[in-house]
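User: Hi, I'm new to this one. Could you walk me through it?

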Amino acid sequence: MADDCGRHDDKQQLAKRVAVAIFGFLIIFAIVVFLVWAILHPTKPHFILQDVTIYAFNLTAPNYLTSNMQITLVSRNPNERIGIYYHKLDVLASYRNQQITLPTLIPRTYQGQQDVTVWSPLLYGNAVPIAPFLEVGLNQDMNAGMVLLNVKAFGQLKWKVGTWISGRYQININCPIYISFTGRTKAVQVGVAMKYQLVQSCSVDISLLN
């Protein structure tokens, strides 16, 4: 009987120790998760469209648009402890939600903590057919002297802290720009092209890929 009672007490002590160990592990795990979330919770990068150089922008019958341009897109990583891997980033121009240039792929880039990265891609759209109603609206805008375009970039990124790298996130960037066809906006002639200094802030949306 005494031996049975002793073994019963040992089992109870072992069960208590296991329970305490599990409880302690859960507390430590919760603290680690909280600290990782607090440290790694990233701030999305800031994007600015610094300038755009227009080499061609014209309509031809019946409704073809040629728009060739070079842009300067500036990105700043505001995070002090987190780097950013841009795995894929395509840039294009659109008019009233219709794409008017081919997408230009920006090479893979790593952006360190609080670093600034500058890209200057060329955007080409030669004789791109546009919807008839857009052709009418574009003619009206050009005759009025001001056209609103959107430079858009979309792709994927990863966050990096030390040796840890996150899963992939989708990033979408939208930069509205006004192109003037009159003297109301200052532009510098560069050969046959016109360069517009903009310093236009862009909207940035980031979401986790499934």
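**Disulfide, core and rings**

Analyst: Happy to. Cys202 has 13% relative accessibility, so Cys202 counts as buried (buried means under 20% relative accessible area, exposed over 50%, partly exposed in between, with a 1.4 Å probe and protein chains only). This is a predicted model, where local features need pLDDT of at least 70, side-chain atom pairs count only at pLDDT 80 or more, and totals for chains, interfaces and linings use all residues. Residues are numbered from 1 along each chain as its sequence is written, and side-chain values use heavy atoms, with hydrogens and water left out.

User: Which residue forms a disulfide with Cys202?

Analyst: Cys175, with the sulfur atoms 2.1 Å apart (a disulfide is a pair of cysteine sulfur atoms within 2.5 Å). The link joins distant parts of the chain, 27 residues apart: Cys175 is in strand β12, while Cys202 is in the loop between β14 (193-201) and β15 (203-208). Helices (H or I, at least four residues) and strands (E, at least two) are DSSP runs, numbered from the N terminus.

User: Is Cys175 buried or exposed?

Analyst: Cys175 counts as buried because its relative accessibility is 1%.

User: New topic. Which residues touch the most other members in the largest nonpolar core?

Analyst: Phe47, Ile71, Leu149 and Ile173, out of 37 residues in that core. A nonpolar core is a set of buried Ala, Val, Leu, Ile, Met, Phe, Trp, Tyr and Cys residues joined through side-chain atoms within 4.5 Å.

User: What does Leu149 touch?

Analyst: Its contacts (heavy atoms within 4.5 Å) include Phe57, Met69, Cys175 and Ile177, not counting residues up to four places away in sequence.

User: And how many aromatic pairs are there?

Analyst: A search of the whole structure finds 5. Rings of Phe, Tyr and Trp (its six-membered ring) pair if their centres lie within 6.5 Å; planes under 30 degrees apart count as stacked, over 60 as edge-to-face and the rest as tilted. Tyr85 and Tyr110 form a tilted pair, 4.7 Å centre to centre with 50° between the planes. Tyr85 lies in strand β3 and Tyr110 in strand β6 (residues 109-111), 25 residues apart. Tyr85 is partly exposed at 26% relative accessibility, and Tyr110 is partly exposed too, at 37%.

User: Why is the pair of Tyr86 and Trp119 edge-to-face?

Analyst: Because their planes are at 90°, with the ring centres 5.5 Å apart. Tyr86 is in strand β3 and Trp119 in strand β7 (residues 116-119). Both Tyr86 and Trp119 are buried.

User: Which cluster do ring pairs make there?

Analyst: Ring pairs link Tyr86 and Trp119 with Phe47.
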